[in-house]
Amino acid sequence: ELQLIGHTWTTGDHYYKLADRFYNAPTLWWIIAFFNKRPTESDIKFGDIIYIPTPLDKIMLFFNEA
């Protein structure tokens, strides 16, 4: 089952850091960007809530089927 983890964007945040924290793979930053429909970090303001979809194996199944 897909779960979403809410994260409030704050100083020092980067997609690659969140991907490393939640997926143990900083190169998967694009999943968070794609899911939130915010392709770059400049599309996010401090205080915005973004969502990290988990678990990773379910997310990867979606992309493999697309």
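View 1. His7 is buried, with a relative accessible area of 10%. Buried means under 20% relative accessible area, exposed means over 50%, and partly exposed lies in between (1.4 Å probe, protein chains only). The model is predicted: local features need pLDDT of at least 70, side-chain atom pairs count only at pLDDT 80 or more, and totals for chains, interfaces and linings use all residues. Residues are numbered from 1 along each chain as its sequence is written, and side-chain values use heavy atoms, with hydrogens and water left out.

His7 sits in strand E1, residues 3-8. Helices (H or I, at least four residues) and strands (E, at least two) are DSSP runs, numbered from the N terminus. The side chains of His7 and Asp13 make a polar contact at 2.7 Å. A polar contact is a pair of N or O atoms within 3.5 Å; within protein, one must be able to donate a hydrogen and the other to accept it, and residues adjacent in sequence count only if both atoms are side-chain atoms. Leaving out residues up to four places away in sequence, His7 touches Asp13, Leu18, Arg21, Asp48, Ile49, Ile50 and Ile52. Contact means heavy atoms within 4.5 Å.

**View 2. The largest nonpolar core.** This core has 14 residues. A nonpolar core is a set of buried Ala, Val, Leu, Ile, Met, Phe, Trp, Tyr and Cys residues joined through side-chain atoms within 4.5 Å. Those with the most contacts inside the core are Trp9, Tyr15, Tyr23, Ile32 and Ile50. Helix H1 (15-23), H2 and strand E2 (49-54) each give two or more residues to the core. H1 gives the most, with four residues. In soluble globular proteins, nonpolar side chains tend to be buried together. Trp9 touches, among others, Tyr15, Leu18, Ile44, Phe46 and Ile50, not counting residues up to four places away in sequence.

**View 3. A nonpolar surface patch.** Leu2, Leu4, Phe35, Ile49 and Tyr51 make a patch of about 450 Å². Patches are made of residues with over 30% relative accessible area and no salt bridge; like charges are joined within 9 Å, nonpolar side chains (Val, Leu, Ile, Met, Phe, Trp, Tyr) within 5 Å. Accessible areas come from the Shrake-Rupley method with a 1.4 Å probe; for residues, only the protein chains shown count as cover. Phe35 belongs to helix H2, residues 29-35. Phe35 is partly exposed, at 33% relative accessible area.

**View 4. The salt bridge between Asp48 and Arg38.** A search of the whole structure finds one salt bridge. Asp48 pairs with Arg38, and the closest N and O atoms are 3.0 Å apart. Both residues lie in the loop between H2 and E2, so the pair ties together parts that are 10 residues apart in sequence. A salt bridge is a side-chain nitrogen of Lys or Arg within 4 Å of a carboxyl oxygen of Asp or Glu. Arg38 is partly exposed, at 23% relative accessibility.

**View 5. Backbone details in the loops.** Asn24 has a positive phi, near 55°, in a residue other than glycine. Asn24 is in the loop between H1 and H2 and is exposed, at 67%. Lys37 also has a phi near 55°. Lys37 lies in the loop between H2 and E2 and counts as exposed, at 73% relative accessibility. The peptide bond from Thr54 to Pro55 is cis, with omega near -5°. Pro55 is found in the loop between E2 and H3.
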